[in-house]
Amino acid sequence: MSEKVKLTYKDKEYEFPLLEGAEEEKGIDIKTLRAQTGLVTYDPGYKNTGSCKSEITFLDGEEGILRYRGYSIEDLCEKASFLEVAYLLIFGNLPTAKELALLNIEIRKESLVDEDLKSILKSFPKSAHPMGVLSSLTSGLIAFNPSSVDIASESDLREAIIMLLAKFPILSSWTHRKVKGLPLNYANTSLSYEDNIAHMLFKLPHQDYEASPVVVSALNKLLILHADHEQNCSTSTVRIVGSSHAGLFASVSAGISALWGPLHGGANQAVIEMLEAIKADGGDTKKYMQKAKDKNDPFRLMGFGHRVYKNFDPRARIIKKAADEVLNELGINDPVLDIAKGLEKEALSDPYFIDRKLYPNVDFYSGIIYRALGIPTEMFTVMFALGRLPGWIAQWSEMRKNNEPIGRPRQIYTGENHRTI
Ligand code: ACO
């Protein structure tokens with residue numbers, strides 16, 4: 001008989017099955033808790049709640065492990081392209097050469113958006129945050145591509161996935177070009193998916209553009225490292241919105257809004273803003289190290305520490321190397337980046353940070369690369385969204401294919417008892 005977990009309540013004993021995942025992580029199956037006991041659970045922030053079973057991403061925060069469909073991110077960053085990783089996440093296996101070629105053909109066919117979407121973009125002020133614009137444009141896609149996905153139809157689902165993979169980079173680049181006052185680019189179908197992202201962001205109308213291999217390689221790694229992170233805030237949002245059978249584009253649009261917040265994808269922007277503030281204050285890194293350690297000071301060193309990774313963030317190791325390569329290749333000499341290096345050096349040898357296992361996280365270095373590439377700070381979270389898209393699609397599809405019930409948590413009511421007027 002499989003293992004059970006016992007709960008005693010009012011002298012009565014209840015048993016609940018113990019679930020075991022593929023990597024031996026264990027959980028209590030409480031599906032029948034309320035029916036058996038009348039109780040619900042209370043878990044703010046879902047810190048102890050497994051919201052689903054998933055075959056997509058495995059993460060071990062203690063050991064610093066992150067794997068997509070069983071492959072380590074170290075291996076994937078070394079040997080795969082972002083599009084191959086997107087295929088892996090969404091369809092379950094790395095594509096064969098033939099499957100990848102077909103995917104490229106399908107994406108090229110869909111690499112256009114209705115010109116009327118430009119009027120939606122035009123109506124935003126230049127000062128609008130690109131994440132708000134991107135969420136709106138992604139919602140706007142629904143109006144121009146109105147077919148809803150019949151989840152039972154493989155071809156329907158594939159069509160929606162291809163459309164989103166093809167059109168999302170175009171919309172993302174448009175949010176950047178709008179801020180910069182540049183003409184809106186389309187994909188160049190002779191380029192790879194990753195090259196096209198650089199091309200659509202950076203190609204100027206009056207100049208040829210050829211992305212440096214170091215830049216494309218760093219972008220490729222950044223996109224892969226952000227591609228999925230199991231049940232994080234934006235992914236859980238995508239799944240819960242989709243659980244009401246809202247469509248893929250609508251669910252992803254909601255995910256973009258969730259990612260926007262500074263406690264989630266917005267942290268990469270916060271890192272650069274912190275570095276700018278330190279520079280404006282004279283660049284004294286020691287002063288800010290003291291502030292970070294002072295318990296009476298709310299200041300925290302942004303880009304350090306992680307809720308899940310308590311040893312090191314495996315993504316940060318990879319991206320630090322890429323950041324060094326990009327800075328060398330581009331010959332960047334930026335005082336803000338010197339401040340970043342100074343903080344990093346001091347924090348890594350400071351007992352406060354060592355004792356608390358506070359290491360630079362992926363956001364510390366990703367902001368540095370984006371800045372070196374000339375991407376405006378408020379675009380950083382859009383770059384994150386570009387990377388996270390395959391994860392959102394994969395998680396949405398898995399949720400629908402598993403026919404998961406609508407997400408609808410309970411609560412502990414703490415308001416007034418019955419009152420009369
Ligand atoms: N600077 C200074 N001290 C810190 C920092 C920091 N960045 N992070 C944690 N600490 C200290 C805390 O004050 C606490 O000290 P104490 O034990 O003396 O009280 C100890 O380290 C543990 O911190 P917690 O807040 O309990 O750690 P938690 O896991 O809850 O927080 C978090 C993780 C939110 C990421 C935190 O480290 C932080 O705020 N970092 C800065 C923001 C950031 O970079 N966020 C991006 C994360 S990556 C991502 O989301 C993609």
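At what angle do helix α15 and helix α17 pack, and how far apart are their axes?

Guide: This is a predicted model, in which local features need pLDDT of at least 70 and side-chain atom pairs count only at pLDDT 80 or more, while totals for chains, interfaces and linings use all residues. Residues are numbered from 1 along each chain as its sequence is written, and side-chain values use heavy atoms, with hydrogens and water left out.

Helix α15, residues 335-348, packs against helix α17, residues 362-372, at an angle of about 160°, and their axes are 11 Å apart. That makes α15 roughly antiparallel to α17 (angles over 145 degrees count as roughly antiparallel, those under 35 as roughly parallel, 65 to 115 as roughly perpendicular and the rest as oblique). Helices here are DSSP runs of H or I of at least four residues, numbered from the N terminus; axes are lines fitted to C-alpha atoms over the stretch in contact, with angles from 0 to 180 degrees between N-to-C directions. The crossing of α15 and α17 is left-handed (the near helix is turned anticlockwise from the far one by less than a right angle; clockwise would be right-handed).

On the α15 side, Val-336, Leu-337, Ala-340 and Glu-344 make the contact, and they meet Phe-364, Tyr-365, Ile-368 and Arg-371 of α17 (contact means heavy atoms within 4.5 Å). By class, the residues of this contact are six nonpolar, no polar and two charged (Ala, Val, Leu, Ile, Met, Phe, Trp, Tyr, Cys and Pro count as nonpolar, Asp, Glu, Lys and Arg as charged, and the others, Gly among them, as polar).

Several residues of this contact, including Leu-337, Ala-340, Glu-344, Phe-364, Tyr-365 and Ile-368, also line the second largest cavity, together with Lys-320, Ala-323, Asp-324, Leu-327 and Lys-341. The elements that each give two or more residues to this lining are α14, residues 314-330, α15 and α17. The second largest cavity has a volume of about 90 Å³ (a cavity is a set of points on a 1 Å grid over the protein atoms alone where a 1.4 Å probe fits but cannot get out, and lining residues have an atom within 4 Å of a point; points are joined across faces, edges and corners, and the volume is the space filled by probe spheres set on them). Its lining divides into seven nonpolar, no polar and four charged residues.

Among the 15 residues that line the largest cavity, Ile-107, Ser-111, Ala-187, Tyr-193 and Asn-196 lie nearest its centre. Helix α8 gives the most to this lining, with four residues, and the lining as a whole has eight nonpolar, six polar and one charged residue.

Helix α8 also meets helix α9, residues 213-225: their axes come within 10 Å and cross at roughly 110°, and the two are therefore roughly perpendicular to each other. Here Glu-194, Asp-195, Ile-197 and Ala-198 of α8 meet Val-216, Leu-219, Asn-220 and Leu-223 of α9.

Another pair is formed by helix α12, residues 267-280, and helix α18, residues 380-401, which pack at about 150° with axes 7 Å apart. These two are therefore roughly antiparallel to each other, and α12 passes α18 in a right-handed crossing.

Key
1 Å grid on protein atoms, 1.4 Å probe; cavity = no way out; pocket = protein on both sides within 12 Å on 5 of 7 lines; lining within 4 Å.
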